[in-house]
Amino acid sequence: MNIHSFLADDDQQSKQYKYVLNSISKAQEHRKNDRSESTLGDSYLRSFALRLAQQGDYTEAIALLTQLISRHPHNAVDYNNRGLIYFQSGEVRKAFCDYNTALKLNPNLASAYNNRANYYAACGELAAALADYDQAIDFNPSHVRAWINRGITWRDLGQYEKAIENFEIALLFGQLESHIWAERGRTYYLWGDWNYAIADYRRALTQLPSLDNSKDNTGYRLRLQLENWLNELLSDQRPSW
């Protein structure tokens, strides 16, 4: 369950987010009636692209980011973000090309290393993934997603102690705790320490939305995954007669 960052390094974009949520219907009508998005601010378009991607409208989100890239062809963040949406939509080779372009434009962009590492991990190239996660953390030691993803990759390699170390460092930053507990719990389970696994699963579940509330898609999916993992663990503990 790799966790992918989106617009993680652009504070201006996050400042526009609430405004986008309030005005998205008006903006969508504007797009239908007047295609001159050049009148909109760049930060607005980035935030709008984020919202569209969250709604699953990848084609429109990619179109907006492509427009931004045409305006600012040397902006590494836009290539990185478009690459992430390509990745989410299943066009992984286009994602890889965009990540590479982003890193050529800005070799210090930690989120692009993290995203490219996710590509490598999805392709089974775990050594390459680890190298990119290392780079992301070198450039931004507080990049929580890179710590989590590197822990997952160490776990996939059977290096459970190293995985746990990464998750414990990630917890120090006070972000994405439910995800970290979930992944640490999964690692304990695979390592054979089921009591710690149960404790982490239950700790994570206390912070996640109920299954009756599907508005938080990420939290909803994680809760489903956790409940499956917990049921799997409890089933393994039951004696067979």
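How many helices and strands are there in the protein? I counted 12 helices and zero strands; helices (H or I, at least four residues) and strands (E, at least two) were taken as DSSP runs, numbered from the N terminus. From the N terminus on, I read the order of elements as α-α-α-α-α-α-α-α-α-α-α-α.

I note that this is a predicted model, in which local features need pLDDT of at least 70 and side-chain atom pairs count only at pLDDT 80 or more, while totals for chains, interfaces and linings use all residues. Residues are numbered from 1 along each chain as its sequence is written, and side-chain values use heavy atoms, with hydrogens and water left out.

**Burial.** I looked up the buried share and found 46% of the 241 residues. Buried means under 20% relative accessible area, exposed over 50%, and partly exposed in between (1.4 Å probe, protein chains only).

**Helix packing.** Two packed helices are described by the angle between their axes and the distance between the axes. I took axes as lines fitted to C-alpha atoms, for helices over the stretch in contact, with angles from 0 to 180 degrees between N-to-C directions. The axes of α4 (residues 76-88) and α5 (residues 92-105) come within 8 Å and cross at roughly 165°. The crossing of α4 with α5 is left-handed, that is, the near helix is turned anticlockwise from the far one by less than a right angle, clockwise being right-handed.

I then examined α4 against α6 (residues 110-122), whose axes come within 10 Å and cross at roughly 25°. The pair α4 and α6 is therefore roughly parallel, and its crossing is left-handed.

**Salt bridges.** I searched the whole structure and found 12 salt bridges, each a side-chain nitrogen of Lys or Arg within 4 Å of a carboxyl oxygen of Asp or Glu. I checked lysine 94 with glutamate 91, which meet at 3.0 Å, N to O. Lysine 94 is partly exposed at 44% relative accessible area, and glutamate 91 is partly exposed at 32%.

Glutamate 232 bridges to arginine 186, with the closest N and O atoms 3.2 Å apart. This pair links distant parts of the chain, glutamate 232 lying in α12 (residues 217-237) and arginine 186 in α10, 46 residues apart. I recorded glutamate 232 as partly exposed at 31%, but arginine 186 as buried at 15%.

Within α12, glutamate 227 and arginine 223 lie four residues apart, about one turn of the helix; their side chains form a salt bridge of 3.1 Å, N to O. Glutamate 227 is partly exposed at 26%, whereas arginine 223 is buried at 12%. I also traced one network, in which bridges with shared partners join Glu168, Arg184, Asp200 and Arg203.

**The loop between α9 and α10.** Leucine 172 sits in the loop between α9 (160-171) and α10 (177-191) and is exposed at 71%. I found Leu172 in a nonpolar surface patch with Ile169 and Phe173, about 280 Å² of accessible area together. Accessible areas come from the Shrake-Rupley method with a 1.4 Å probe, and for residues only the protein chains shown count as cover. Patches use residues with over 30% relative accessible area and no salt bridge, joining like charges within 9 Å and nonpolar side chains (Val, Leu, Ile, Met, Phe, Trp, Tyr) within 5 Å.

Leucine 176 is also in the loop between α9 and α10. I noted its positive phi of about 55°, although leucine 176 is not a glycine, and its partly exposed state at 25%.

Note on methods
Angles under 35 degrees count as roughly parallel, over 145 as roughly antiparallel, 65 to 115 as roughly perpendicular and the rest as oblique.
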